[in-house]
Amino acid sequence: TIEGETKNVAQIPQKDVKDVIIWGNIGRSVYIDLHKARVSQFESAIWGPPEFSRPVLEMLHDKSWIEEKLMEEVHSHRPKIQAAVKHELGLSRASAIHKILHWWYFDSPLGELVSLGVISHGEFDIPRNIIFSMPVRFCGGKWVIQTQLEISEETKNKLKYIAQELKLEQRLNFNPVTENDMESLDQDLQFEKETKKKRSVLF
């Protein structure tokens, strides 16, 4: 999963990091939100009991790396491993499916945020009826979107951009393509080109 890849790239054991939020279109554009993420058992001057944790952003001092390199390294992590072992990494996908099914049947850990691609009903100002990854909890055999979380206007703007991209894909894939659609696509691609350098991981 992207969440697991993020933890690997950050060189932090996956089991020790909680509440990394993956927003967006898993097939293309996502934002890795570390605002709520916490790490336990991290070697530092401050130690506590096993349940003691600290914000991940306090542990990652190089903010320029978070902004400029994290997403790039997350996307390249899997291909590098696949190239080394010379086959697809099916086990990691199977592990992710197993984890989701386990949470579905037995609930996700109390108080812990997990990310899941679900059909939006307008949560976080995301347009309705698109599949969008957002924070949830599994409870009683169903998932519950964590709408009580507060997100900044900056975050909302970034989610809006991803949602527009998804809506465009939806329109092009499921409706006849018109000349206006192609003009709109050209405008969106130009906008993406101009804003590509501004994309960053949330922190």
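Trainee: Is L101 buried or exposed, or partly exposed?
Mentor: L101 counts as partly exposed, because its relative accessibility is 41%. Buried means under 20% relative accessible area, exposed over 50%, and partly exposed in between (1.4 Å probe, protein chains only).

Trainee: What am I looking at, and how is it numbered?
Mentor: This is a predicted model, where local features need pLDDT of at least 70, side-chain atom pairs count only at pLDDT 80 or more, and totals for chains, interfaces and linings use all residues. Residues are numbered from 1 along each chain as its sequence is written, and side-chain values use heavy atoms, with hydrogens and water left out.

Trainee: Where does L101 lie?
Mentor: In helix α5. Helices (H or I, at least four residues) and strands (E, at least two) are DSSP runs, numbered from the N terminus.

Trainee: Which residues make the nonpolar surface patch?
Mentor: I97, L101, W104, Y105, F106 and W143 make it, with an area of about 710 Å². Helix α5, residues 90-106, gives the most, with five residues. Patch residues have over 30% relative accessible area and no salt bridge; like charges are joined within 9 Å, nonpolar side chains (Val, Leu, Ile, Met, Phe, Trp, Tyr) within 5 Å. A salt bridge is a side-chain nitrogen of Lys or Arg within 4 Å of a carboxyl oxygen of Asp or Glu. Areas come from the Shrake-Rupley method with a 1.4 Å probe, and for residues only the protein chains shown count as cover.

Trainee: Next topic. How many aromatic pairs are there?
Mentor: A search of the whole structure finds three. One of them is W23 with F124, edge-to-face because the ring centres are 5.0 Å apart and the planes at 85°. Rings of Phe, Tyr and Trp (its six-membered ring) pair if their centres lie within 6.5 Å; planes under 30 degrees apart count as stacked, over 60 as edge-to-face and the rest as tilted.

Trainee: Where do W23 and F124 sit in the chain?
Mentor: W23 is in strand β2 (residues 21-24) and F124 in the loop between β6 (114-119) and β7 (131-139), so the pair links distant parts of the chain, 101 residues apart. W23 counts as buried at 0% relative accessibility, and F124 counts as buried at 11%.

Trainee: What about W104 and W143?
Mentor: Their ring centres are 5.6 Å apart and their planes at 65°, so this pair is edge-to-face. W104 lies in helix α5 and W143 in strand β8 (residues 142-145), 39 residues apart in sequence. W104 is partly exposed at 37%, and W143 is partly exposed at 36%.
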